[in-house]
Amino acid sequence: MEYIDFPTVERKMDVIKNKCLAIICLAGCLLFYSNLYAQNLTPRQSTTPSNIRFWEYLPAGYQHQGKKSPAIFFLHGKGERGDGSDSSMQIMLKHGPLKQIQDNDFGTFKSQGKNYSFIVLAPQLDQPNTFWEPEYVDEFISYALSEYNIDPERIYLTGLSMGGNGTWNYAYSNYNAENKFAAIAPIAGWGSTNKACIVKERNIPVWVFHGEDDKTVPFVRGKAMFNAIDSCKNGFEKDYKFTAYKNTGHNSWQKAYDLSHKWNNPNIYEWFLSHKLNKDQSSVLSKSLGLKSNVIASSANEHNAKLDIVCPLPRSLNEVSGLIRDSNGVLWAHNDSYNGPYIMQLDTSGTVTRFKKVIFSSNFDWEDLAVDHEDNIYIGDIGNNENNRKKLYIYKLSAKDTAERIKAETISFTYPDQKDFPPSTREMNYDSEAIVYYQNALYTFSKNRTSPFTGIVRVYKVPATPGDYEAELVDSLKLESGPMHDNWITGADISPDGQTIALLSHRKIWLINCFDGKKFSQGKITKIVLDSFTQKEAITFMDDQTLYIADEKFKDMLGGYLYKVNISTWLSNDCN
């Protein structure tokens, strides 16, 4: 028989209880200190269409109104992608600023005698995505700017590995055409070297970090991006730095994001704060390079305009790129490349009232419409993104033809000054998305894709009668010298009275008048800055003083509307 010594059992139970209390106390202490150091590091989810999960760090003393705070947007690497679970969010805390916030008292940083505290926002990319798409990043940044009290002059973007690539991709994308960042820091990343000059044109300071023995993203790829920026002639001689670490492998971010001055002095956070966004970078850039423009930067000919929505566009015009009004006031439109050879009659309620198939044609890259005084419509198959098309086409048909299938006549042409297909990046100015009919001829305006971006718009003249021609280079315009995606020409039209030409970009309109008997470049040019940046590629005059504009639909979030704007107050009445 076994005897149980109850005092002994009680003593053992006391020991166990004391150990449990100690563990609970220790856990409580750890939780306390974790909360102390992590402060306001909280998982969140955006209310945008993609429902983006993200980590939010709000510094002590953060105010939802009043004083604004600097913000760091952090893009993680491939290994930290999510699957929708809470546990996958925890993986993001292993690296980068999030790890520094957990492990250290992130606190305040000093710059030029002042103390600053960062907001840190880190979105998570879902599997199986293997890179940060600029539109996804833009969706999150736009959401954050509307939700948080962020200092617009102190916004910084950084990322590691796949996130380093995402940092580059967004910085030179058209979503950042009006640059948002005071500085960026890609770490162990890669990018497109032929787009690097866009970053310099936008006056974005860059600090690149990479491990010399990185086997995942080779060192040469990170260094190539820095070298590409450093060799760009256009742009500011600004703050461009490259730091190489030895014996770090792929994990160069551990040293790059370190709070101490052991690896970097100043550290990355202090370096960020040493930069503020220059809102006037385009005009300053023009002055620094001695560039001349037909647009004089003065209140006399630069204006802001709000677009009024006429109607949502139907799904059948999600990629609208051409718009014209015939003599009866009827709107005609078409979609971009590979959407089928159709033109559509559109009313101002957003309904397509008629489809016409243009037979014996193909929509290789339809980009714009023009119309003459006899209601002949000209469809410009003139898109040439890669500058490698040896022949371009314009299809001519009558708006008066009531048939549902119309056989168009063809005008084909070449650019006599283009010798290489494609030419070098410095000569890529043979794409066009804009065409007008004027004085019995057709005029195309180039969509400049040069790198570095020159801002020069070439104007070619082509006969308006069917045949095969060499286009005639008759003029060139220098409208702007700022970022490419903010200033390339995506559409054009001429007023019914033939006195005003409107050139369109994603965010601007240039009005040209007083050119009768002269080159367009010798007319009076007025710049109008619109209240939104969307993919606007279609523009037409409804009358001599009213413009209609259409933009493409993007992911059920942006664009997809027909707009109008009255320009009467900005047209010059004095042509002397």
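Predicted model: local features only at pLDDT ≥ 70, side-chain atom pairs only at ≥ 80, totals over all residues.

Trainee: How many disulfides does a search of the whole structure find?
Mentor: One, counting a pair of cysteine sulfur atoms within 2.5 Å as a disulfide. Cys 197 is joined to Cys 232, S to S 1.9 Å.

Trainee: Where do those two cysteines sit in the chain?
Mentor: In distant parts, 35 residues apart: Cys 197 is in helix H6 (residues 196–201), and Cys 232 is in the loop between helix H7 (219–231) and strand S10 (240–245). Helices (H or I, at least four residues) and strands (E, at least two) are DSSP runs, numbered from the N terminus.

Trainee: Is Cys 232 buried or exposed?
Mentor: Buried, at a relative accessible area of 4%. Buried means under 20%, exposed over 50% and partly exposed in between, with a 1.4 Å probe and protein chains only. Cys 197 also counts as buried, at 10%.

Trainee: OK, new topic. What's the strand order in the open sheet?
Mentor: S13-S14-S15-S16-S20, five strands with mixed pairing. Strands pair if DSSP finds at least two bridges between them.

Trainee: Which strands stand at the edges?
Mentor: S13 (320–325) and S20 (405–407); each has a single partner strand, so one side of each has no neighbour in the sheet.

Trainee: In what sense do S16 and S20 pair?
Mentor: Parallel, over three bridges. Ile 359 stands opposite Lys 407 in S20.

Technical notes
Residues numbered from 1 in each chain as written. Heavy atoms only, no water.
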